[in-house]
Amino acid sequence: NGTSTYVVTFTANLGDGNYGVRVTDMAGNSVNPGSDAVFTIDATAPAQATLALSTGSDTGRSLDNLSNLAAVTLDIGALEAGSIRSYTLDGGADTAFTGAAINLTGLAHGSHTVTVNQTDAAGNMSVTGSYTFAVDLQNPVAPTATLTSVSDTGTRGDNLTNQSTVT
């Protein structure tokens, strides 16, 4: 009569995938093809995100997790399409982001840790991805050189010598 409610219970555990249910009454009448009740099971969490300083932000040796910039970009990998994404910086508040990069500004000198989580459309949350990098905003101390009295053959203290091996 078109107003019946059916309850279907599955006795086997269904894996991730798309499923359909078709109702057929005792007389053999079925719903029209294409009118099946369709549902999706997604019990798999998204992958753990990967994080790294982008090429333009990694100012030290490649992959050394060191930058001399107060504003950096982190490249984020292993993201599930359509996932809801958020990050924290140094244990702060969750901040939503889209795309596959995070721009961080106003960073102080020192170590920083960024964590990333993603939640898929079914509500599965990934394992937290974490990345620690250092920002070095201090210039090195200028070097000094002083010849020892044995090596300093010019006027004492002028750092002038006629020796090719010095101390």
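T88 touches A93, D94, T113, V114 and T115 when residues up to four places away in sequence are not counted, contact being defined as heavy atoms within 4.5 Å. The structure is a predicted model, in which local features need pLDDT of at least 70 and side-chain atom pairs count only at pLDDT 80 or more, whereas totals for chains, interfaces and linings use all residues. Residues are numbered from 1 along each chain as its sequence is written, and side-chain values use heavy atoms, with hydrogens and water left out.

T88 belongs to strand β6, which spans residues 84-89; helices (H or I, at least four residues) and strands (E, at least two) are DSSP runs, numbered from the N terminus. With a relative accessibility of 12%, T88 counts as buried, given that buried means under 20% relative accessible area, exposed means over 50%, and partly exposed lies in between (1.4 Å probe, protein chains only). The side chains of T88 and T115 are joined by a polar contact of 2.4 Å. Such a contact is a pair of N or O atoms within 3.5 Å; within protein, one atom must be able to donate a hydrogen and the other to accept it, and residues adjacent in sequence count only if both atoms are side-chain atoms.

Strand β6 is part of an open sheet of five strands, arranged in the order β4-β10-β9-β6-β7 with mixed pairing. The edges of this sheet are formed by β4 and β7 (95-97), each of which pairs on one side only; two strands are taken to pair if DSSP finds at least two bridges between them. Strands of a sheet pair through backbone hydrogen bonds, either parallel or antiparallel. Strands β9 (residues 110-119) and β10 run antiparallel and are joined by seven bridges, and along this pairing V114 stands opposite Y131 of β10, while S111 stands opposite A134 of β10. Strand β4 (residues 66-67), by contrast, runs parallel to β10, to which two bridges join it.

In a regular strand the side chains alternate between the two faces of the sheet.

V135 of β10 has S67 standing opposite, a residue found in strand β4. S67 is buried, with a relative accessible area of 1%, and, when residues up to four places away in sequence are not counted, S67 touches L53, S57, T59, V72, A134, V135 and D136. A polar atom of the S67 side chain also lies 3.2 Å from the backbone nitrogen of L69.

A further pairing involves strand β3 (residues 50-53), which runs antiparallel to strand β5 (residues 72-77) and is joined to β5 by four bridges. The bridge partner of T50 in β5 is G77. In β3, L51 and L53 make up a covered face, whereas T50 and A52 make up an uncovered one.

N65, in the loop between β3 and β4, has a positive phi of about 60° although N65 is not a glycine, and with a relative accessible area of 30% N65 is partly exposed. A positive phi, near 55°, likewise occurs at N159, a residue other than glycine, which is found in the segment after β10 and counts as partly exposed at 37% relative accessibility. S35, in the loop between β1 and β2 (37-41), is partly exposed at 45% relative accessibility; S35 and R22 are 13 residues apart in sequence and 7.8 Å apart in space, C-alpha to C-alpha.

In the segment before β1 (17-21) lies V8, which counts as partly exposed at 45% relative accessibility. Together with Y6 and F10, V8 makes a nonpolar surface patch of about 320 Å². Patches are made of residues with over 30% relative accessible area and no salt bridge, with like charges joined within 9 Å and nonpolar side chains (Val, Leu, Ile, Met, Phe, Trp, Tyr) within 5 Å; a salt bridge is a side-chain nitrogen of Lys or Arg within 4 Å of a carboxyl oxygen of Asp or Glu. Accessible areas come from the Shrake-Rupley method with a 1.4 Å probe, and for residues only the protein chains shown count as cover.
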